[in-house]
Amino acid sequence: MALENKVALVTGAGQGIGRGIALRLARDGFKLALVDLKPEPLQQVAAEIMAAGGQVTSLEADISDRDQVYAAIDHAEAQLGGFDVMVNNAGIAQVQPIAEVTPEEIDKVMKINVQGTLWGIQAAAAKFIQRGHKGKIVNACSIAGHDGFAMLGAYSASKFAVRALTQAAAKEYASRGITVNAYCPGIVGTGMWEEIDARFAELTGAPKGETFRKYVDGIALGRAETPDDVASLVSYLAGPDSDYVTGQSILIDGGIVYR
């Protein structure tokens, strides 16, 4: 089946990495279903795809709510005539010293980053099986899913959990022809990193921008990552060239963490 007849759903598609992934998959020929909590940026991305001649539908949904995730996939199938790729991109960062993490904070990061990914895996695999064909699930992990980072303990724990879910799901669904992989970005110049930098400034007294610059200075390739960098890997994982890849959480960080 040609890519132009395939349907991909991207969560957190309204901004940052999710927007970059959605635009890249549209250029690859996918029909796109876009999911986000923020309707205005979601509609802007949809408009960009339509202006370029792509087919797209969008839906406001909360990925931490299992029923909403299942409903989003049903929506994608109904509106676009199929369902082939799930990109569980949506997530949040959290900067907090281990000693100060509250029950509410750990609950929030786990509900969105871990449970949201779990519901996406469940719902996508169920739809692929229902439709009687293979499929691809691509999860958002992080360099913090390979190394735990100071002040990012709860976030790192959530991303280690995504890596574990990716491995387990790959093993469980391989016999169905469903591949499950993850992408692990580093320091991406998006709004999320602006929030991380601002929170580090608040906690440590560092000037705004200093934490971001410090991390970028440690990148072997000498520059911050862009959403397009990440999207290129997701394009590979969503496309046919990755058919023999499963259970992997692939680092794409310009040279920060080495495995």
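Author: Let us take the stretch of residues 6-196, over which the chain is 51% helix and 18% strand, and whose end C-alpha atoms lie 36 Å apart. The model you are looking at is a predicted one, and the name of this stretch comes from a record: an unreviewed UniProt entry places the feature "domain: Ketoreductase" at residues 6-196.

Within that stretch, the residue to look for is Tyr155, which UniProt, again in an unreviewed entry, lists under "active site". Tyrosine 155 is found in helix H5, which covers residues 153-173. Its relative accessible area is 11%, and because buried means under 20%, tyrosine 155 counts as buried. If you set aside the neighbours within four places in sequence, the residues in contact with tyrosine 155 are Ile92, Ala93, Gln94, Val109, Asn113, Ser142 and Ala144.

Asparagine 5 has a relative accessible area of 46%, so it is partly exposed. From asparagine 5 to lysine 31 there are 26 residues in sequence, yet their C-alpha atoms are 7.1 Å apart in space.

Helix H1, residues 16-28, packs with helix H8, residues 227-238, at an angle of about 50°, and their axes are 8 Å apart. That angle makes H1 oblique to H8, and the crossing of the two helices is right-handed. On the H1 side the contact includes Gly16, Ile17, Gly20 and Ile21, while the H8 residues they meet include Pro227, Val230, Ala231 and Val234. Sorted by class, this contact of H1 with H8 has eight nonpolar, four polar and two charged residues.

Finally, look at the end of the stretch, where helix H6 (residues 191-204) packs with helix H7 (residues 210-217) at an angle of about 115°, with their axes 7 Å apart. H6 and H7 are therefore roughly perpendicular to each other. The residues that make the contact are Trp193, Asp197 and Phe200 on H6, together with Glu210, Thr211, Phe212 and Tyr215 on H7. By class, the contact of H6 with H7 has four nonpolar, one polar and two charged residues.

Key. Residues are numbered from 1 along each chain as its sequence is written. This is a predicted model: local features need pLDDT of at least 70, side-chain atom pairs count only at pLDDT 80 or more; totals for chains, interfaces and linings use all residues. Side-chain values use heavy atoms; hydrogens and water are left out. Buried means under 20% relative accessible area, exposed over 50%, partly exposed in between (1.4 Å probe, protein chains only). Axes are lines fitted to C-alpha atoms, for helices over the stretch in contact, and angles run from 0 to 180 degrees between N-to-C directions. Helices (H or I, at least four residues) and strands (E, at least two) are DSSP runs, numbered from the N terminus. Angles under 35 degrees count as roughly parallel, over 145 as roughly antiparallel, 65 to 115 as roughly perpendicular and the rest as oblique. A crossing is left-handed if the near helix is turned anticlockwise from the far one by less than a right angle, and right-handed if clockwise. Contact means heavy atoms within 4.5 Å. Ala, Val, Leu, Ile, Met, Phe, Trp, Tyr, Cys and Pro count as nonpolar, Asp, Glu, Lys and Arg as charged, and the others, Gly among them, as polar. UniProt positions are given in the numbering used here, feature names are shortened, and annotations may be inferred rather than shown by experiment.
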